[in-house]
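These are my notebook entries on a single chain. I looked up its charged pairs, its nonpolar cores and its surface.

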Amino acid sequence: MAGKVTNFSDLIQRVAASCLLHPLAAGRHGSGENRVGDDDDEYELSEEHEDEEEEEERESEAEEKERLKAWEGMNEEVRVERVVEMERLMNEVFDTVSGMKRAYASLQEAHCPWDPEKMRVADVAVVGELRKLGVLRERFRRTTSLIGGSTRRKSRGRGRGSGVATVREVVAPYEAAVEELKREVKLREVEVENLKEKLRTVAVSSLSLTGTNGKKGSSRSHHSKRKVVSAPQGQVMAGPAPEVFETTMKLVKDASKSFTMLLLSLMRSAHWDIAAAVRSIEAAANATDDLTSTTATIAACSVVATQHAKYALESYICRKVFQGFDHETFYMDGSLSSLLNPDQYRRDCFTQYRDMKAMDPSELLGIMPTCHFGKFCSKKYLAVVHPKMEESLFGDLEQRRQVLAENHPRSQFYGEFLMLTKAVWLLHLLAFSLDPAPSQFEASRGAEFHPQYMESVVKFPGGRVPAGQIVGFSVSPGFKLGNGSVIRARVYLVART
């Protein structure tokens with residue numbers, strides 16, 4: 001073992017001497033030939049440079065001799081330990097260089113085709129391998145500095161310079177990463193400002209938007225046009241008024257009809273038994289529903305004509321979306337702002353109404369999916385559309401999964417549902433904006449028909465309801481306003497038996 005260690009040290013000495021002396025000498029002779037014909041100042045500078053190189057060479061030879069003496073002065077066990085450590089270090093160096101080559105090859109591959117994510121991963125890998133090389137270099141310097149204390153003292157000045165360079169090399173990748181993150185943050189800030197500006201523009205434009213209040217017929221196709229809630233023509237609302245509430249209730253009526261027809265059309269396309277479907281929808285209603293109301297509707301379904309099944313379906317939908325209407329947040333939380341500060345809460349509700357009435361609900365939820373309105377839409381969709389129903393109509397539960405993840409699907413079906421929930425949400429904001437607030441009522445099954453408070457969804461010949469008609473079930477609620485006017489409840493009438 002001693003012979004091997006001595007041979008290895010001799011080999012290191014010869015290789016080091018060859019690398020340090022011969023290339024520099026050759027470069028010096030070559031550079032001397034190339035400088036023939038240059039001006040005197042440049043020649044003097046080159047001579048000074050050569051003198052510095054010669055001095056460095058002499059210092060290197062002296063250091064090498066001193067290191068060699070220190071090596072020869074070590075005992076055998078320390079020498080073996082140093083050799084083993086150096087071999088281990090060189091193996092790690094080769095492994096790290098190979099890893100860096102692989103990472104750099106991956107970085108090049110990410111350029112064509114252009115793959116930003118792959119480039120980022122490869123860049124991190126390259127930087128990681130370079131850092132490993134830097135650590136190995138420091139280990140090598142510490143290992144060699146242990147051989148001969150005077151050597152480290154002689155090279156202390158140069159060591160400081162190389163240490164600064166090492167720090168710079170290590171810090172450089174982090175500085176580049178910080179700059180990249182700063183640019184990304186600026187881009188995100190610009191994007192946020194653009195979205196805020198877009199939202200402000202829509203909110204401001206809604207204050208001056210005018211529209212017609214003409215009756216809109218409910219669409220019977222899947223491609224029904226969306227309706228936008230607007231103020232009466234030529235009128236800019238200065239405050240809440242019962243007339244605005246009545247107009248918004250008409251929009252709720254149109255939206256509920258439109259969504260019901262779309263849902264019914266999808267059910268027929270899926271070859272549902274419509275009469276049985278209405279009963280199963282009611283049976284699948286959650287346990288929080290009023291048991292008497294649910295039982296009454298199911299019983300009335302037995303006397304509903306086939307062509308009138310849409311009214312039973314609309315009754316179910318309206319009961320779900322209007323559930324919790326009397327509470328300021330539809331019981332989504334325990335807020336009591338309307339009781340603690342009623343005047344301010346009424347003003348806030350009407351401000352929200354004005355800002356939102358002209359907005360497309362899909363665009364609004366695309367910007368703020370988890371706002372109060374977004375949570376309301378999610379809650380009502382999960383209540384109205386049973387999982388088995390969605391799977392039967394669409395073949396999967398993708399829309400439900402998106403809603404549960406606090407997202408809002410961009411489908412035509414969900415878009416039509418948003419028009420209904422938006423109309424009900426606006427009506428709710430107006431209800432809590434008025435002073436006194438409207439009083440909600442609903443016709444009960446078996447009640448006598450009162451034309452002052454009820455409106456039949458089925459049109460009778462001559463426009464008059466014949467005698468002996470009673471309420472089979474309520475389709476949508478009615479409201480009594482503070483000015484004494486009444487928005488009649490819509491009911492399905494059956495003959496008294």
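Entry 1: I began with Glu314 and Arg490, whose side chains meet in a salt bridge with an N to O distance of 2.8 Å. Glu314 belongs to helix α10 and Arg490 to strand β6 (residues 489-495), so this pair ties together parts that are 176 residues apart in sequence. I checked the accessibility of both partners and found that Glu314 is buried, as is Arg490. I note here that the model is a predicted one.

Arg401 is partly exposed at 47% relative accessibility, and Glu398 is partly exposed with a relative accessible area of 35%.

**Entry 2: a network of charges.** I also noted Asp343, Arg346 and Asp435, which are linked by salt bridges into a network.

**Entry 3: the nonpolar cores.** Which residues have the most contacts inside the largest nonpolar core? I listed Phe245, Phe322, Phe373, Val424 and Phe479, in a core of 58 residues. The elements that contribute two or more residues to this core include α7 (242-269), α8 (274-283), α10, α12 (342-356) and α14 (372-384). Helix α17 supplies the largest share, 13 residues.

I followed Phe373 in detail. Setting aside its neighbours within four places in sequence, Phe373 is in contact with Met356, Pro361, Leu364, Leu365, Leu418, Thr421, Lys422 and Trp425. Another core of nine residues lies apart from the largest one, and its members include Val457, Val458, Tyr492 and Val494.

**Entry 4: a nonpolar patch on the surface.** I turned next to the outside of the chain. Leu336, Leu339 and Leu340 make up a nonpolar surface patch, and together they have about 370 Å² of accessible area. Where is Leu336 found? I placed Leu336 in the loop between α10 (309-322) and α11 (337-340). Leu336 counts as partly exposed, because its relative accessibility is 45%.

**Entry 5: totals for the chain.** The chain has 17 helices and six strands. It contains 497 residues, of which 37% count as buried. Among contacts with a separation of 6 or more, 73% are between residues 24 or more positions apart. The accessible surface comes to about 29000 Å², and carbon and sulfur atoms account for 55% of it.

Key: Residues are numbered from 1 along each chain as its sequence is written. This is a predicted model: local features need pLDDT of at least 70, side-chain atom pairs count only at pLDDT 80 or more; totals for chains, interfaces and linings use all residues. Side-chain values use heavy atoms; hydrogens and water are left out. Patches are made of residues with over 30% relative accessible area and no salt bridge: like charges are joined within 9 Å, nonpolar side chains (Val, Leu, Ile, Met, Phe, Trp, Tyr) within 5 Å. Accessible areas come from the Shrake-Rupley method with a 1.4 Å probe; for residues, only the protein chains shown count as cover. A salt bridge is a side-chain nitrogen of Lys or Arg within 4 Å of a carboxyl oxygen of Asp or Glu. Helices (H or I, at least four residues) and strands (E, at least two) are DSSP runs, numbered from the N terminus. Buried means under 20% relative accessible area, exposed over 50%, partly exposed in between (1.4 Å probe, protein chains only). A nonpolar core is a set of buried Ala, Val, Leu, Ile, Met, Phe, Trp, Tyr and Cys residues joined through side-chain atoms within 4.5 Å. Contact means heavy atoms within 4.5 Å.
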